[in-house]
Amino acid sequence: MDALTAITQRVSVAQLTGPGPTQEQVELLYQAAFRAPDHAWMRPWRYLTVRGQGLVALGEVFAEAGLKKNPDLDDVKIAKLKNMPQRAPLMIVAIVNIQEDNKIPELEQRLAVGAGIQNILTASYSMGLGAIWRTGEMAYDIHVKKSLGLHGNEEILGFIYLGHVNCKLKQPPELMVTDFVQDWPAI
Ligand SMILES: Cc1cc2nc3c(=O)[nH]c(=O)nc-3n(C[C@H](O)[C@H](O)[C@H](O)COP(=O)(O)O)c2cc1C
């Protein structure tokens, strides 16, 4: 698939199944992430690859986090949290390590990691894999961050679920350039 097709046609895929990406594919996805634009080449990113028993363990962490916030959480909600990471055979946790008081603003450091995540999504699509970028309250939860070994200056910017497509791909709606773009100064 050529790059422009991947960039303009990529869609997120929520229904994913095994097998997960091969090790070779995972490494390619990371090489794609590492080509994100990055002011001053700070490399403000760190990624965790989670699969197999790791997904089960992460589900336990999600359930613990839910129970810490609300000890009365019912069994259905606990089970939902436990199963969350198993919605795909592989997950990438995208982390930004913020360098405070750097001449590069914190926003730009987060944007660089966001661009890396987008590269992972586009590269996945071009390889025929399915992927979706998720966050939700677990991404911002202190127990989850601690359990994943994040340092004080680190934040989870995304859980990227990856696998083989297990549904019909949606057709991205065509957006009109004129709806979002103006000439400046106006003509
Ligand atoms: C920062 C960020 C967080 C997101 N978190 C979630 C999420 O937790 N759950 C979800 O279903 N979609 C989430 N999305 C949206 C999906 O990744 C996806 O972009 C959306 O479903 C639109 O689909 P498309 O990428 O095919 O246009 C998030 C997107 C971004 C950029």
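**Ligand contacts, salt bridges and surface of a predicted model**

An oxygen atom of the ligand lies 2.5 Å from an N or O atom in the side chain of Ser12, a polar contact being a pair of N or O atoms within 3.5 Å (within protein, one must be able to donate a hydrogen and the other to accept it, and residues adjacent in sequence count only if both atoms are side-chain atoms). The side chain of Arg10 likewise places an N or O atom 3.0 Å from an oxygen atom of the ligand, and a polar side-chain atom of Lys170 is found 3.0 Å from a ligand oxygen. Taken alone, the ligand exposes 620 Å², of which the protein buries 53%; accessible areas come from the Shrake-Rupley method with a 1.4 Å probe, and for residues only the protein chains shown count as cover.

The structure is a predicted model, in which local features need pLDDT of at least 70 and side-chain atom pairs count only at pLDDT 80 or more, whereas totals for chains, interfaces and linings use all residues. Residues are numbered from 1 along each chain as its sequence is written, and side-chain values use heavy atoms, with hydrogens and water left out.

The ligand is surrounded by Arg10, Val11, Ser12, Ile132, Trp133, Arg134, Thr135, Gly136 and Lys170, a residue being near a molecule or strand if one of its heavy atoms lies within 4 Å of it. This shell has three nonpolar, three polar and three charged residues; Ala, Val, Leu, Ile, Met, Phe, Trp, Tyr, Cys and Pro count as nonpolar, Asp, Glu, Lys and Arg as charged, and the others, Gly among them, as polar.

The protein chain has seven helices and five strands, where helices (H or I, at least four residues) and strands (E, at least two) are DSSP runs numbered from the N terminus. From the N terminus on, the elements follow the order α-β-α-β-α-α-β-α-β-α-β-α. Of the 187 residues of the protein chain, 40% count as buried; buried means under 20% relative accessible area, exposed over 50%, and partly exposed in between (1.4 Å probe, protein chains only).

Side chains of opposite charge can pair when their charged atoms come close. Five salt bridges were found in the whole structure, each defined as a side-chain nitrogen of Lys or Arg within 4 Å of a carboxyl oxygen of Asp or Glu. In one of them, Arg46 pairs with Glu154, with the closest N and O atoms 2.8 Å apart. This pair links distant parts of the chain, as Arg46 belongs to strand 2 (residues 45–51) and Glu154 to strand 5 (residues 154–165), 108 residues apart. Arg46 is partly exposed at 25% relative accessible area, while Glu154 is buried at 3%.

Lys69 and Asp141 also meet in a salt bridge (2.8 Å, N to O). Lys69 lies in helix 3 (residues 53–69) and Asp141 in the loop between strand 4 (130–134) and helix 6 (142–147), so the pair ties together parts that are 72 residues apart in sequence. Lys69 is exposed, with 54% relative accessibility, whereas Asp141 is buried, with 5%.

A further salt bridge joins Arg110 to Glu106, the closest N and O atoms being 3.8 Å apart. These residues are separated by about one helical turn because they stand four residues apart in helix 5 (residues 106–126). Through salt bridges that share partners, Glu106, Arg110 and Glu155 form one network.
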